[in-house]
Amino acid sequence: MVKEDWRVGVLFSREGVTSAVETTMANATHLAIEEINAQGGVLGRPISFVDYDPKASPRIYRELAFKLMAEDRVRIVFGGYMSSCRKAILPEIEAFRGLLFYPTFYEGFEYSPRCFYTGAASNQSALQLARYLMEHHGSRFILVGSNYVFPYETNRVITDLVTQARGKILDEIYVPLDAKPDDFKRAIKQISKHAPDAVISTVVGSGVKMFYEAYAEAGFSAAAMPIAAITTSEAEIRTMQPEVAKGHLSSAPFFETVQTPAAKRFVAAYKARFGITEPVTACAEAAYFQVYVYARALDKAGTDNPDYLIRALGGIELDAPQGMVRIDPANHHTELWPRIGRVNAERAFDILWEAPIRVKPDPYFIAPTLDDWGSAPFVRRA
């Protein structure tokens with residue numbers, strides 16, 4: 001008797017406003033599946049996938065999630081970048097009693113029994129970025145974000161953290177998701193007027209390049225007044241000229257320059273498969289290791305029935321490229337390794353700080369303060 005493949009769905013955009021980073025996520029998902037299959041698959045059966053391009057549209061994301069469940073009979077889906085797209089997918093996943101693996105940093109304040117979150121929650125990204133800025137750059141900030149749920153919710157968290165520490169948010173500005181260069185004029189005007197200590201960015205997709213270019217054209221100094229981002233990765237940095245990107249900061253659990261043995265293997269395999277100049281992002285790393293988490297749970301459960309997989313996933317640990325990660329059974333989020341990076345002249349990130357311990361996810365951000373990390377001072381790396 002021939003055993004059937006383990007079939008999964010893949011939903012990442014190769015077109016649309018966030019296609020640059022989502023392409024890295026699709027690539028990393030394919031790479032992990034190929035590696036697992038080359039090792040014999042899971043329980044002697046290969047993983048196969050049905051892959052669609054939702055074009056960064058919440059509506060298309062939802063339509064394709066329905067198609068995967070209703071027509072393709074897929075029960076496990078790897079996908080999603082923007083929170084608006086995740087929120088579009090989840091009703092279909094839940095209606096069909098499927099399972100979603102979501103590999104993107106996000107705002108938190110959500111729980112679905114049928115979703116496992118492998119990207120950073122706010123206490124694994126925004127908290128570290130705000131504290132690093134307060135300790136090394138100052139206490140006066142302007143917030144600039146794209147006009148959708150993640151930037152609004154993340155900026156609310158950052159505002160709470162900064163004001164608790166007696167800092168000040170000077171302005172909060174949003175641009176359209178499909179931004180044009182003129183949409184950043186107000187932000188540049190306000191930055192020039194207030195001269196903040198740093199600008200915290202939650203701009204996503206193609207707008208990131210436009211914002212950084214407008215910033216450079218305005219003559220602002222990254223050394224004196226950096227853009228500090230949660231949403232800017234190697235994928236967006238590679239679209240800019242080196243002098244535009246150099247000196248700006250990002251917060252993420254993974255950068256292409258991480259030097260763990262698992263990171264070196266992952267980056268080398270990725271570039272061998274997709275091209276030496278192709279960027280490797282934190283979202284790609286999460287997309288990669290979550291396939292291995294799924295395979296570990298599949299081996300443990302002996303079935304791809306989502307109800308059995310959900311029980312098997314809680315507490316799974318994995319030596320991911322960023323470090324040893326663990327799925328928290330209480331909230332389906334992942335214990336991760338926050339880092340702060342600064343863009344260098346080669347458009348790569350020099351890691352300035354990294355967590356000395358793995359950080360448990362707190363997606364509900366219960367009574368957070370900047371001194372929660374008193375045992376982990378933000379000392380710059382040599």
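Let's start with two residues, Phe101 and Tyr294. Both are buried, meaning under 20% relative accessible area with a 1.4 Å probe, protein chains only; exposed is over 50%, and partly exposed is in between.

A word on the source. This is a predicted model, where local features need pLDDT of at least 70, side-chain atom pairs count only at pLDDT 80 or more, and totals for chains, interfaces and linings use all residues. Residues are numbered from 1 along each chain as its sequence is written, and side-chain values use heavy atoms, with hydrogens and water left out.

Now the rings. The whole structure holds 21 aromatic pairs. Rings of Phe, Tyr and Trp (its six-membered ring) pair if their centres lie within 6.5 Å; planes under 30 degrees apart are stacked, over 60 edge-to-face, the rest tilted. Phe101 and Tyr294 make an edge-to-face pair, 6.1 Å centre to centre, with 75° between the planes. Phe101 sits in strand β4, residues 99–102, and Tyr294 in helix α11, residues 282–301. They are 193 residues apart, so the pair links distant parts of the chain. Helices (H or I, at least four residues) and strands (E, at least two) are DSSP runs, numbered from the N terminus.

There is also a cluster. Ring pairs link Phe254, Phe266, Tyr270, Phe274, Tyr288 and Tyr292.

Next, charges over rings: NZ of Lys or CZ of Arg within 6 Å of the ring centre and within 35 degrees of the ring normal. Arg156 puts its charged end over Phe109, 4.8 Å from the ring centre. Arg311 lies over the face of Tyr308, at 4.8 Å from that centre.

How many cavities of 30 Å³ or more does the search find? One. On a 1 Å grid over the protein atoms alone, a cavity is a set of points where a 1.4 Å probe fits but cannot get out; lining residues have an atom within 4 Å of a point. The largest cavity holds about 200 Å³. It has 27 lining residues, and the closest to its centre are Phe105, Ala252, Pro253, Ala282 and Cys283. α11 gives the most to this lining, five residues.

Last, strand β6, residues 140–146. Six of its seven residues are buried. β6 runs parallel to strand β7, residues 168–175, over seven bridges; strands pair if DSSP finds at least two bridges between them. Arg140 stands opposite Lys168 in β7.

Conventions:
1 Å grid on protein atoms, 1.4 Å probe; cavity = no way out; pocket = protein on both sides within 12 Å on 5 of 7 lines; lining within 4 Å. Points joined across faces, edges and corners; volume = space filled by probe spheres on them.
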